[in-house]
Amino acid sequence: MKLKLDLHPIFKDGAQIEAALSSIIDEAIEKRATEVEIIPGKGSGALKKTVLRFLDRPDVKARYHRIEKDSDNFGRLFVHFRHERMASAPSASPSRARQIVPVACVCCQASLRIPYDELPAEIVVECASCGSPNRVVVTLGRSGLPQARADWGYDAVDAGSQSIPEL
Ligand SMILES: [Zn+2]
């Protein structure tokens, strides 16, 4: 992904230029862009110097990989990014720990612990107290917490034998 920052509209305001540069660097890091193209505008040598001075600040320099200057006369600058540190950082999703949600047995009301990997989930468990199969559906509730609902699980257990007609 590449981002572009055109400095034409704000070329007179030094503080605004720094703010714009700072925010595009934030955005590049956040979105993991590989390159930001900065367009100071043709013939605006002073502006380009302002940009280079900003990019040369140690705190700013630490945030990107390298600068590349355009060879043509448009004065564009390309700021390249590397995101190795972020790439190797542990990410939240791939190996999430298995979650447990409690639910009352549909038969004897004993507390069942339902393990699930991701939502929504449907798990058939046998109650340890009464032996009844429970079909438990776990969904994400409005509060952002998982909600489990238990129902009879006989049809899941007897899958294939359609002997009991539902009322
Ligand atoms: Zn039970």
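Okay, ground rules. It's a predicted model, so local features need pLDDT of at least 70, side-chain atom pairs count only at pLDDT 80 or more, and totals for chains, interfaces and linings use all residues. Numbering starts from 1 along each chain as its sequence is written, and side-chain values use heavy atoms, with hydrogens and water left out.

Overall picture, then. We have five helices and nine strands; those are DSSP runs numbered from the N terminus, with helices being H or I of at least four residues and strands E of at least two. Going along the sequence, the pattern is β-α-β-α-α-β-β-α-β-β-β-β-β-α. Of the 167 residues, 31% count as buried, where buried means under 20% relative accessible area, exposed means over 50%, and partly exposed is in between, using a 1.4 Å probe and protein chains only. The protein exposes about 11300 Å², and carbon and sulfur atoms supply 51% of that; the areas come from Shrake-Rupley with a 1.4 Å probe.

Contacts next: heavy atoms within 4.5 Å. Among contacts with a separation of 6 or more, residues 24 or more positions apart account for 43%.

Now the sheet I'd like you to look at. It's open, has four strands in the order β1-β2-β4-β3, and its pairing is mixed; two strands pair if DSSP finds at least two bridges between them. β1 (2-6) and β3 stand at the edges with a single partner strand each, so one side of each has no neighbour in the sheet. From one strand to the next, the twist averages 20°. Axes here are lines fitted to C-alpha atoms, for helices over the stretch in contact, with angles from 0 to 180 degrees between N-to-C directions.

Zoom in on β4. What sense does the pairing of β2 and β4 have? Antiparallel, over four bridges. Within that pair, Val36 stands opposite Val79, and Glu35 stands opposite His80. β3 and β4 also pair in the antiparallel sense, over four bridges, and there the partner of Ile67 is Val79. Both faces of β4 are covered: Leu77 and Val79 are buried on one side, Phe78 and His80 on the other.

On to the helices. α1 lies across β1 and β2, and runs at about 170° to β1. α2 packs on the sheet as well, touching β2, β3 and β4, and its direction makes about 15° with that of β4.

Which residues of α2 (45-55) are buried? Leu47, Thr50, Val51, Phe54 and Leu55. They cover an arc of only 130° around the axis, which puts them on the same side of α2; the arc is taken from the directions from the helix axis to the C-beta atoms. The face turned away from that side carries Ala46, Lys49 and Arg53, which are exposed. As for what covers the buried residues, the list includes α1 (14-31), β2 (35-39), α3 (58-61), β3 (66-69) and β4 (77-80).

That brings me to the cores. By nonpolar core I mean a set of buried Ala, Val, Leu, Ile, Met, Phe, Trp, Tyr and Cys residues joined through side-chain atoms within 4.5 Å. The largest one has 22 residues, and Leu7, Val36, Ile38 and Leu55 touch the most other members. β1, α1, β2, α2 and β4 are the elements giving two or more residues to this core, and α1 gives the most, with six. Not counting residues up to four places away in sequence, Leu55 touches Ile25, Ile38, Val60, Lys61, Tyr64, Ile67 and Val79. There's a second, separate core of 13 residues, which includes Val101, Cys105, Ile123 and Cys127.

Two single residues before I stop. Is Ser132, buried or exposed? Ser132 is found in the loop between β7 (121-126) and β8 (133-140), and it counts as buried because its relative accessibility is 5%. Leaving out residues up to four places away in sequence, Ser132 touches Cys107, Val125, Glu126, Cys127, Trp152 and Tyr154. Glu30, by contrast, lies in helix α1 and counts as exposed, at 65% relative accessibility. The C-alpha atoms of Glu30 and His83 are separated by 9.9 Å, although these residues are 53 apart along the chain.
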